[in-house]
Structure formats: structure tokens, C-alpha cells
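I opened the notebook to look this structure up piece by piece. My notes follow in the order I made them.

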Amino acid sequence: MHPSGLVAIIDEMEERGLVKRQDSQDDRRTYELHLTDKGQAALRDIGRVGQEHNESLCAALSPREREQLTGLLQRIADDQGPHSRRSSRLQPTGTPPEKAMLGI
């Protein structure tokens with residue numbers, strides 16, 4: 001993600017009262033981001049909804065099958081990560097990873 005895009009997201013989160021910026025005590029050129037009470041509540045809600053969705057998706061699987069699925073999905077994710085041998089083979093030289101994933 002381009003830094004300016006991240007700044008826009010943080011600005012919106014701040015406007016919505018989810019985070020607040022505070023001057024860094026270690027480096028006056030930077031800010032620290034802190035979740036507000038509203039941000040903490042939103043994070044809890046997101047976690048709850050994610051867990052409910054996961055339970056719904058995997059309802060037909062036994063606990064052992066869920067473990068197997070988790071292991072297989074982790075192997076796929078590890079193989080596709082930015083530092084994997086596979087992703088470096090697939091990425092065209094000189095193309096930023098975010099553009100390579102989109103085929104740009």
C-alpha cells in the first residue's frame with residue numbers, strides 16, 4: 001500500500017473516532033496511533049463477527065477436519081507470502097508486488 005493511501009485510511013479512522021494520533025515521546029517527527037474506546041469496541045465486534053462467520057463456514061467439519069483445513073490453508077498462505085520462493089519466481093522483475101498480484 002502506498003503511504004498516502006494509508007494516511008487517508010488513518011484520517012478516516014480518526015474522523016470516525018476509532019483512533020487518535022499522539023506525538024511520539026521518542027521522535028518528535030512521528031505520531032503514535034492509539035485505539036479509542038470506540039475503536040476497541042469496533043475491534044471486539046469485528047473479532048466476534050469473524051468468529052461467528054468462521055463457525056458457520058466450518059459447521060460441517062469435525063474438529064480434526066478443521067485442524068487439517070487450517071494446516072492446508074496455512075501451507076498455501078506460506079507458499080504465497082512475499083518472501084517465498086514461489087512468489088519471487090512468479091513476480092516479473094521490477095514490478096512491485098501489489099501490481100504483480102493485480103496483473104498490472
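**Aspartate 11 and its partners**

I looked up aspartate 11 and found it partly exposed, at 30% relative accessibility. The model is a predicted one. Next I asked what the side chain of aspartate 11 meets in a salt bridge. The partner is arginine 21, at 2.7 Å from N to O. Arginine 21 belongs to strand E1 and aspartate 11 to helix H1, so the pair ties together parts that lie 10 residues apart in sequence. I checked the cover on arginine 21 too: its relative accessible area is 27%, and I noted it as partly exposed.

Asp11, Glu14 and Arg21 are linked in a network of salt bridges.

**Helix H1 and what follows**

I tested the length of helix H1, which covers residues 3-15. Its 13 residues, at 1.5 Å a residue, should span 18 Å. The end C-alpha atoms are 18 Å apart, so the two values agree.

I found another salt bridge here, between the side chains of arginine 16 and glutamate 12. The N to O distance is 3.9 Å. Glutamate 12 is partly exposed, with a relative accessible area of 44%. I wrote down the general rule beside this entry: side chains of opposite charge can pair when their charged atoms come close.

Glycine 17 follows H1. Its phi is positive, near 80°. I then looked at how far glycine 17 is from aspartate 37. The two are 20 residues apart in sequence, and their C-alpha atoms are 8.7 Å apart in space. Aspartate 37 sits in helix H2. It counts as exposed, at 69% relative accessibility.

**The loop between the strands**

I moved on to serine 24. It is found in the loop between strand E1 (19-23) and strand E2 (31-35). Is serine 24 buried or exposed? Its relative accessible area is 12%. The limit for buried is under 20%, so serine 24 is buried. Setting aside residues up to four places away in sequence, I listed what serine 24 touches: Thr30, Tyr31 and Glu32.

**Arginine 66**

I went to helix H3 next, where arginine 66 lies. Which residues are in contact with arginine 66, once neighbours within four places in sequence are left aside? I found Glu55, Cys58, Ala59 and Leu61.

With glutamate 55 there is a salt bridge between the side chains, at 3.0 Å from N to O. Arginine 66 is in helix H3 and glutamate 55 in helix H2, so this pair ties together parts 11 residues apart in sequence. I compared each value with the classes. Arginine 66 is partly exposed at 23% relative accessibility. Glutamate 55 is partly exposed as well, with a relative accessible area of 35%.

I also wanted the total for the whole structure. The search finds 6 salt bridges.

**A nonpolar patch**

I looked for nonpolar side chains on the surface. Leu61, Leu69, Leu73 and Ile76 form a patch there. Together they have about 330 Å² of accessible area. Isoleucine 76 has its place in helix H3, residues 63-80. Its relative accessible area is 52%. Exposed means over 50%, so isoleucine 76 is exposed.

**The chain as a whole**

How many helices and strands does the protein chain have? I counted 5 helices and 2 strands. From the N terminus on, the order is α-β-β-α-α-α-α.

Of the 104 residues in the protein chain, 11% are buried. The accessible surface of the chain is about 9,100 Å², and 55% of that belongs to carbon and sulfur atoms. I looked at contacts between residues at least 6 apart in sequence. Of these, 2% join residues at least 24 apart.

**Confidence**

I checked the predictor's confidence last. The protein chain averages a pLDDT of 85, and 79% of the residues score at least 70. Which element has the lowest mean pLDDT, and which the highest? Helix H5 (residues 97-102) has the lowest, at 50. Helix H2 (residues 37-57) has the highest, at 96.

Definitions and conventions:
Residues numbered from 1 in each chain as written. Heavy atoms only, no water. Helix = DSSP H or I, 4+ residues; strand = E, 2+ residues; numbered from the N terminus. Buried < 20%, exposed > 50% of the residue type's maximum accessible area, 1.4 Å probe, protein only. Contact = heavy atoms within 4.5 Å. Areas by Shrake-Rupley, 256 points an atom, 1.4 Å probe, with all protein chains shown as cover. Expected span 1.5 Å × (residues − 1). Patch = residues over 30% accessible without salt bridge, like charges linked within 9 Å, V, L, I, M, F, W, Y side chains within 5 Å. Salt bridge = Lys/Arg side-chain N within 4 Å of Asp/Glu carboxyl O. pLDDT = per-residue confidence, 0-100.
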